Amino acid sequence: MSEQEWFTEIFGNSAFSVRYSKKLVDLQSDFQRIEIFESVSMGRVLVLNGCFMVTDKDAFIYHEMLVHPAMALLASPGRALVIGGGDGGAVTELTKYPELTTIILCEIDGKVIDSCREFFPDISRGLDDPRVKVVVGDGAAFVRESGEHFDLIVVDSTDPVGPAEVLFQEPFYEAVKQSLRPGGLAVFQTESPLFMEDVFHSVTLNLGAVFGHRSVRPYLATIPCYPGGLWSFTLCSGDSYPCDPANPASFGRLPVALRYYTPDIHRAAFALPAFAQRSLGQLP
Ligand code: SAM
């Protein structure tokens, strides 16, 4: 494959490639290299430091599964925070709930926001909602210093390296927990249970140490552009009650016209395969 027409993310000894017709963005911000390709089969593709982040083709799966399971479990959410998520996709999903009065996005790299506003207008459209406030800064500092509290905190970070490393550490988890209103929930993207088993295991263990192991519930979805496809999210309840995701408080409030998330998908996502349960010590 000639380099100039394929982009390849190499992950260890595996790789995922897409053929592209044009490179729309290639810049170095203070934090990372930002590339956007016009690909042939996955639409526009956002790549940060050589890693797939967002594609027109499958972003809806990731963003719906990051946001709607928690929103279905919250009785009357009013305030939400997204940390990372500079593509705007998680914010756009949150704006589908009229009951949310405040949505804050805290993204460390303003150039990611600017690039996605320009080249992913549909995914980032929620950033223009009047309820949305965009903060360009470190999410760990924001939850440590803002003094604000939320019904839902979504952590949509890059992998645990560079500026995102701090978002995978216990002091940050503790600050997130302290930033939740009573009955609030936090959701973290927690990497691949298959290709990053050690990270998946350690993150869920560390989240359990902060939120309580019975209040930490991983769930899965397949995101084709991510290494190995199978991806995990982890839902944490700020209170010490066990988070029972099987019986959402209010499927009735679900926005219309979702493309992936349904009540059945919700229940199925929390049914972990044996290898993932074993990785979490839930099976012998
Ligand atoms: N869905 C993607 C994934 O699972 O890898 C993440 C998408 S989003 C583009 C990730 C964002 O996290 C990036 O724009 C990056 O700049 C941002 N980020 C990394 N570390 C951060 C930090 N400490 N505070 C706020 N944003 C951060």
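Me: Before we start, what makes two aromatic rings a pair here?
Reply: Rings of Phe, Tyr and Trp pair if their centres lie within 6.5 Å. Keep in mind that this is a predicted model. By that rule, the count of aromatic pairs comes to 14.

Me: How is the pair of Phe-11 and Phe-195 classed: stacked, edge-to-face or tilted?
Reply: Their centres sit 6.2 Å apart, with 55 degrees between the planes. Stacked needs under 30 degrees and edge-to-face over 60, so this pair is tilted.

Me: How many residues apart in sequence are the parts that this pair ties together?
Reply: Phe-11 belongs to strand S1, while Phe-195 is in the loop between strand S10 and helix H6. The pair therefore ties together parts whose separation in sequence is 184 residues.

Me: And Tyr-173 with Phe-188, what kind of pair is that?
Reply: The ring centres are 5.3 Å apart. The planes meet at 80 degrees, so the pair is edge-to-face.

Me: Are Tyr-173 and Phe-188 buried or exposed?
Reply: Tyr-173 is in helix H5 and Phe-188 in strand S10, 15 residues apart. Both Tyr-173 and Phe-188 are buried.

Me: Which aromatic residues form one cluster with Tyr-62?
Reply: One member, Tyr-219, falls within strand S11, residues 216-222. Along with Tyr-62, the cluster holds Tyr-219, Tyr-226, Trp-231, Phe-233 and Phe-270.

Me: In S12, which residue stands opposite Pro-218?
Reply: S11 and S12 run antiparallel, joined by 7 bridges. S11 is mostly covered, with 5 of its 7 residues buried. Opposite Pro-218 stands Thr-234.

Notes. Residues are numbered from 1 along each chain as its sequence is written. This is a predicted model: local features need pLDDT of at least 70, side-chain atom pairs count only at pLDDT 80 or more; totals for chains, interfaces and linings use all residues. Side-chain values use heavy atoms; hydrogens and water are left out. Buried means under 20% relative accessible area, exposed over 50%, partly exposed in between (1.4 Å probe, protein chains only). Helices (H or I, at least four residues) and strands (E, at least two) are DSSP runs, numbered from the N terminus. Two strands pair if DSSP finds at least two bridges between them. Rings of Phe, Tyr and Trp (its six-membered ring) pair if their centres lie within 6.5 Å; planes under 30 degrees apart count as stacked, over 60 as edge-to-face and the rest as tilted.
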